[in-house]
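The following exercises are to be worked with the sequence and the coordinates at hand. Each task is followed by a solution in steps.

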Amino acid sequence: MLLFLQQVMCVTYQALMPASWLQCHFNTMQSPTTLQKLQNRAARVILKANYGTSSSLLLDILNWDKVVIRRETFKAIMM
């Protein structure tokens with residue numbers, strides 16, 4: 001049951017933070033810090049981790065790329 005809830009939360013996060021929103025954010029050249037904080041917090045909520053846990057570890061567990069890497073991927077695709 002817990003694994004199912006984590007999967008539901010992951011899908012919800014991915015629906016709330018679609019690729020087009022990241023692309024729009026990239027085009028305006030705004031700092032990715034805010035988006036990275038949002039992604040880190042979403043990972044903590046989904047995995048029920050405390051703030052002492054490394055966000056890189058949480059992102060690895062969820063198999064998510066950092067915002068900077070996603071932006072580089074979008075930039076490469078656009079060129």
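Accessible areas here come from the Shrake-Rupley method with a 1.4 Å probe. The model is a predicted one.

**Exercise 1. Describe the surface, the burial and the fold of the protein chain.**

Solution. Step 1: the accessible surface of the protein chain comes to about 5500 Å², and carbon and sulfur atoms account for 64% of that area. Step 2: the chain has 79 residues, of which 32% count as buried. Step 3: the secondary structure consists of five helices and zero strands, in the order α-α-α-α-α from the N terminus. Step 4: of the contacts between residues at least 6 apart in sequence, 56% join residues at least 24 apart.

**Exercise 2. Determine where confidence in the protein chain is lowest and where it is highest.**

Solution. Step 1: the mean pLDDT of the chain is 76, with 71% of the residues at 70 or more. Step 2: helix H2 (residues 19–27) has the lowest confidence, at a mean of 55, whereas H4 has the highest, at 92. Step 3: where pLDDT is low, the predicted coordinates should not be read in detail.

**Exercise 3. Classify Gln-39 as buried or exposed, and list its contacts.**

Solution. Step 1: Gln-39 is placed in helix H3 (residues 33–47). Step 2: buried means a relative accessible area under 20%; Gln-39 has 1% and is therefore buried. Step 3: not counting residues up to four places away in sequence, Gln-39 touches Tyr-13, Leu-59, Trp-64, Asp-65, Lys-66, Val-67 and Arg-70.

**Exercise 4. Explain why the buried residues of H5 line one face of the helix.**

Solution. Step 1: H5 (residues 67–78) has 12 residues and reaches 16 Å from its first C-alpha to its last, close to the 16 Å expected at 1.5 Å a residue. Step 2: Val-67, Arg-71 and Phe-74 are buried in H5. Step 3: viewed down the axis of H5, the buried residues fall within an arc of 60°, so they line one face. Step 4: the face turned away from the buried side carries the exposed residues Glu-72 and Ala-76.

Definitions and conventions. Residues are numbered from 1 along each chain as its sequence is written. This is a predicted model: local features need pLDDT of at least 70, side-chain atom pairs count only at pLDDT 80 or more; totals for chains, interfaces and linings use all residues. Side-chain values use heavy atoms; hydrogens and water are left out. Helices (H or I, at least four residues) and strands (E, at least two) are DSSP runs, numbered from the N terminus. Buried means under 20% relative accessible area, exposed over 50%, partly exposed in between (1.4 Å probe, protein chains only). Contact means heavy atoms within 4.5 Å. The expected span of a helix is 1.5 Å times one less than its number of residues. The arc is that of the directions from the helix axis to the C-beta atoms. pLDDT is the predictor's confidence in each residue, from 0 to 100.
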